[in-house]
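Student: I would like to go through some of the labels used for this structure. Please set each one against its definition.

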Amino acid sequence: MRTLEEVRATLQIAKLKEEDLQKTIHCLSFGPNVSSADYCLMELDDTLCKHIEAGQSLVIRGDKDEHAVVCSDDKTYSLKIADTSNMLLFLPGCRTPDQLTDTEDSSHVVHAQIWGFCNSYWELRKQRPRLKKLKRLLMENPYEGPALGGQQENTENRYTMQDLLERIQASEEEIRTHLETIHACQIDGYWRVLDFDYEMKLLGHVTQLVDSESWAFNRVPLQTSLDELAPLEPREMIEHCLNCYGKCYTENDEVFYALNEDKVCWGLALMLLHNAVKFNLKEFQEVWQQSVPEGMSTRLDQLKGIALLDRTSRPETICLLRVEDLPEDTVERFNHLFTLREKWTEEDITPYIQDLCGEKQTTGALLTKYARSSMQNGIKVFNSRRPVAT
């Protein structure tokens, strides 16, 4: 270990003045068997630092064929290696100048041992959670209703929340939010997504009951609904349907549901478009309006992100195009969209790229980066920056 005299001799050779430096002098030495593989360093922002200091944890998630991500309780971060030309030393107990409280008048040496070193560190950046895989897993065994007669229910490919946390690259809060978005529910401890036809069957029961009882769609009594529909479907499935398409409230100790007009119209539009390649727009609008409960009004803006209109065809048409069926990767998404249609107006393409926006990013910025704009009949349209294979 170096002595103070040896340090002073080194300062003299380096032509440094002792009075210009801190009174506390750290003398570094490598510990036995130190290796660069002993430790990994991770750079955290203030939010994540406070998260760790509060005793919370970060989890690295990803299958073998996926790029790893780091998840807190409510956010997801990409995980990438950043190289540095400076060697980074791991020094437990070493204090920085702002942490020193020198009370001694003369210089003194403090010996610190290096426990590890690195030439790179893990860099975290907030990113969108990767949730497409969630529905894909749940669709391996969608719930089609209670087993009939002596039939045995398929118990394969069912997932608990812990199973999903181990497979999905997203935080628990993001996973739970998406489970609600795709109308999944917990059955016997497993998260299940409803088979499309079964979900539409449940919605049909509810809307037909509302019409037959002449209820206002914003005042549907829960208990009466369960009693009336119990012979047709399990009570918990009826209540789940009401939660998916309405909002619960209490009045005079009685529970009611206010059906959400946009959600109900959206669901019934999906049912109409599901098996049709293309639909005459005018005919679709007529049938659609007739299918919703009395008092509800259908509007084309309710179909953003699930249906694509073709105003150039004669007659005008509409077809099913759900944003959840499009690629998750930004470049692949734009390539797919330009394969479907060569030129897009901003109004038409926005619902299909809105979910790609990162923090503080706009759809306009995405279009500037991944598309080329031009004017067509006085309207700005966007097409691909590169040739698209059809």
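Tutor: An angle of 65 to 115 degrees between axes counts as roughly perpendicular. The model here is a predicted one.

Student: Why are α11 and α13 called roughly perpendicular to each other?

Tutor: Helix α11, residues 330-340, packs against helix α13, residues 363-370, at an angle of about 75 degrees. That value falls within 65 to 115 degrees, so the pair is roughly perpendicular. Their axes are 11 Å apart.

Student: What makes the contact of α11 with α13, by class?

Tutor: On the α11 side are T330, V331, F334 and F338, which meet L366, L367 and Y370 of α13. By class, this contact has 6 nonpolar residues, 1 polar residue and no charged ones.

Student: What makes the nonpolar surface patch?

Tutor: L28, F30, M87 and L89 make the patch, with an area of about 380 Å². Patch residues need over 30% relative accessible area, and nonpolar side chains are joined within 5 Å. Strands β1 (24-30) and β5 (76-90) each supply at least two of the patch residues, and F30 lies in β1.

Student: Why is phi of S214 worth a remark?

Tutor: Most residues other than glycine have a negative phi. Phi of S214 is near 55 degrees, which is positive, and the residue is not glycine. S214 is in the loop between α6 (196-212) and β10 (220-221).

Student: How do you know that the peptide bond from R314 to P315 is cis?

Tutor: Its omega is near 0 degrees. P315 sits in the loop between β14 (307-310) and β15 (317-320). Most peptide bonds are trans.

Conventions: Residues are numbered from 1 along each chain as its sequence is written. This is a predicted model: local features need pLDDT of at least 70, side-chain atom pairs count only at pLDDT 80 or more; totals for chains, interfaces and linings use all residues. Side-chain values use heavy atoms; hydrogens and water are left out. Patches are made of residues with over 30% relative accessible area and no salt bridge: like charges are joined within 9 Å, nonpolar side chains (Val, Leu, Ile, Met, Phe, Trp, Tyr) within 5 Å. Accessible areas come from the Shrake-Rupley method with a 1.4 Å probe; for residues, only the protein chains shown count as cover. A salt bridge is a side-chain nitrogen of Lys or Arg within 4 Å of a carboxyl oxygen of Asp or Glu. Helices (H or I, at least four residues) and strands (E, at least two) are DSSP runs, numbered from the N terminus. Axes are lines fitted to C-alpha atoms, for helices over the stretch in contact, and angles run from 0 to 180 degrees between N-to-C directions. Angles under 35 degrees count as roughly parallel, over 145 as roughly antiparallel, 65 to 115 as roughly perpendicular and the rest as oblique. Contact means heavy atoms within 4.5 Å. Ala, Val, Leu, Ile, Met, Phe, Trp, Tyr, Cys and Pro count as nonpolar, Asp, Glu, Lys and Arg as charged, and the others, Gly among them, as polar.
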